Amino acid sequence: HITPEKFYVEACDDGADDVLAIDRVSTEVTLTVKKDVPPSAVTRPIYGILGTIRLVAGTYLIVITKKKKVGEIFSHAIWKATDFDILSYKKTMLHLTDIQLQDNKVFLSMLSHVLSVDGFYFSTTYDLTHTLQRLANTSPEFQEMSLLERADPRFVWNGHLLREFAAQPEIHRFATPVMHGFITMHSCSINGKCFDWLLVSRRSCFRAGVRYYVRGIDSEGHAANFVETEQIVHYKGSKASFVQTRGSIPFFWSQRPNLKYKPKPQISKSVNHMDGFQRHFDSQIISYGKQMIVNLVNQKGSEKPLEQTFAKMVNSMANGMVKYIAFDFHKECSRMRWDRLQILVDQLAEQQDEFSYFLVDSDGKIVTQQEGIFRSNCMDCLDRTNVIQSLLARRSLQAQLQRLGVLHVGQRIEEQADFEKIYKNAWADNANACAKQYAGTGALKTDYTRQTGKRTQWGLIMDGWNSLVRYYKNNFSDGFRQDAIDLFLGNYSVDEVEPASPLHVKKDWKFLALPIIMVVAFSMCIICLLMAGDTWTETLAYVLFWGSASFGTFAIILYNGKDFVDAPKLVQKEKMD
């Protein structure tokens, strides 16, 4: 309910009388009751409070205005938030200068951009941020906590927006922790036995960002593009789960866009890599137990130094809980020899059996725990990584379904055509969701995952198209995308009294002049070819002159590539690396 002085958020549960009153002037948040809502208030339905944020014009309230039911986890409804609204506390913008108005508009468009990326999920009764195993190993006190208090902070994407709510325990139940990633649920049947199969990917909000601006780790040991993926089976009250992680190669390296199709990765020479590396694996071991690193990068070319450094650092760390295997995905599977992936799966089989999976029976008794985890990575931790994760998850699922009595002895999942189709499409959808959130386009190689485990010609064409779109976005729109994520997650806070806004970066003269010269020179070259001169030598001279002028300016632009890409303005990524 909106009045000029306050926002009133009314709880719509049966028998609830609580109303949250948010003062639009003092920003104070208090609890009241339904009878205190003025009849003159403008009323509209909302499905959750995402939180509040301060911009140039003052504070804004972000609410969920549309939701779509994904399904149910153990009778708890799970929703995808599909539309949001950003409501200003201030009733007028007259107190702002033109520049401030412009800045405020840019910040609002950044928030809208983050919210427009698909993949925000929430539940008002179930904790989506934890795996089944973490939830099963908790205390009674933990069960009593509000969803906001007990959520895993790595996966609460609106943690920064809810910081003021977090400070007041009595209003916690009005705050909705939202995770970002992917969830799919399917009711499946094999041998006439019905079971629920779920796939949940949770994207970490620590060191979050876009492909080329966020690589490696930060000083706290948080890895870029870190995603926890859990596969769940629910059959006759028994629940099984298998968890894997993916994350950028965990030391200090960068790969800034510079107009080249594939910028060369740079390993930082000025920092002690072992500190962050050690922190990363210490926290991983606490969360998941033993670590089996599966490194899928190329073992030649520009990716080779990353593989060598990673292997060397695992050896130097000499931790018995961390093992390492390198598999050159592109070399092994070149010329579409996708059957060779089985070599890696076979190499990991013994380790996977040792790690096991989490299983709780229909009486709630824990039968097995997952003792360790596969931490897969390639360069982006998207395309190659997803293919391998889907194969390891299928092997675990085979063991789970046999143990639960869904599959008969000797039966293979691959032979169950209906389920296999659901399985492959879900993993391909997971790849697409993770890729769109990090690289800005759908994943590559999904035809392998989605189809029959074979690559197709159409799949190669789609990969080419997605690669082109990725190239454009990574070079010409990722700075804005990175700024938007940093603003949303609180890595950058808007200072209302800040005299110079970081949004206003003056571009060098060459930024405008060189592309214009190149286009003009190239156009003149084409015109000279089409409108031949009196003699062929004259035509050749003109074509050579304008051709070399366009080629020369193109070479200068490429040499100064970093000046021509769209770079983040709010947080200096070089300093962070």
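**Entry: the second largest cavity.** I am working on a predicted model, and I began with the lining classes of this cavity. The second largest cavity has 8 nonpolar, 2 polar and 1 charged residues around it. I then looked up the names: Phe 122, Ser 123, Tyr 126, Asp 127, Leu 128, Thr 129, Leu 147, Ala 151, Pro 177, Val 178 and Met 179 make up the lining. I noted its space as about 70 Å³.

**Entry: the largest cavity.** How many cavities of 30 Å³ or more are there? My search gave 3. The largest cavity holds about 140 Å³, and 19 residues line it. I wrote down the residues nearest its centre, which are Trp 157, His 180, Gly 209, Gln 437 and Ile 485. Sorted by class, I have 10 nonpolar, 6 polar and 3 charged residues around the largest cavity.

**Entry: the largest pocket.** I turned to the open spaces next. The largest pocket comes out at about 980 Å³, with 36 residues in its lining. Which residues lie nearest the centre of the largest pocket? I found Glu 10, Ala 11, Cys 12, Asp 13 and Tyr 47 there. For the elements, I listed β1 (6-10), β4 (48-55), β5 (58-73), β6 (76-88) and α4 (147-150), each with at least two lining residues. β1 gives the most, with 4 residues. I also checked the domains: domain 1 (6-114) and domain 2 (115-489) each bring at least three residues to the lining of this pocket. The class count for the pocket lining is 21 nonpolar, 9 polar and 6 charged.

**Entry: salt bridges.** I searched the whole structure and found 26 salt bridges. I picked a few to follow up.

Glu 10, already in my pocket notes as one of the residues nearest the centre, has a salt bridge to Lys 34 at 3.7 Å, N to O. The two are 24 residues apart, with Glu 10 in strand β1 and Lys 34 in the loop between β3 (29-33) and β4.

Next I looked at Lys 66 and Asp 83, whose side chains meet in a salt bridge at 4.0 Å, N to O. This pair joins strand β5 to strand β6 across 17 residues. I have Lys 66 as partly exposed because its relative accessibility is 49%. Asp 83 is partly exposed too, at 32%.

My last pair was Arg 211 and Asp 380, with the closest N and O atoms 3.1 Å apart. Here the partners are 169 residues apart: Arg 211 sits in the loop between β9 (193-203) and β10 (227-235), and Asp 380 in the loop between β18 (372-377) and α10 (383-403). Why do I call Arg 211 buried? Buried means under 20% relative accessible area, and Arg 211 is at 12%. Asp 380, at 9%, is buried as well.

Conventions: Residues numbered from 1 in each chain as written. Predicted model: local features only at pLDDT ≥ 70, side-chain atom pairs only at ≥ 80, totals over all residues. Heavy atoms only, no water. 1 Å grid on protein atoms, 1.4 Å probe; cavity = no way out; pocket = protein on both sides within 12 Å on 5 of 7 lines; lining within 4 Å. Points joined across faces, edges and corners; volume = space filled by probe spheres on them. Nonpolar A, V, L, I, M, F, W, Y, C, P; charged D, E, K, R; others polar. Domains from an automatic or database assignment. Buried < 20%, exposed > 50% of the residue type's maximum accessible area, 1.4 Å probe, protein only.
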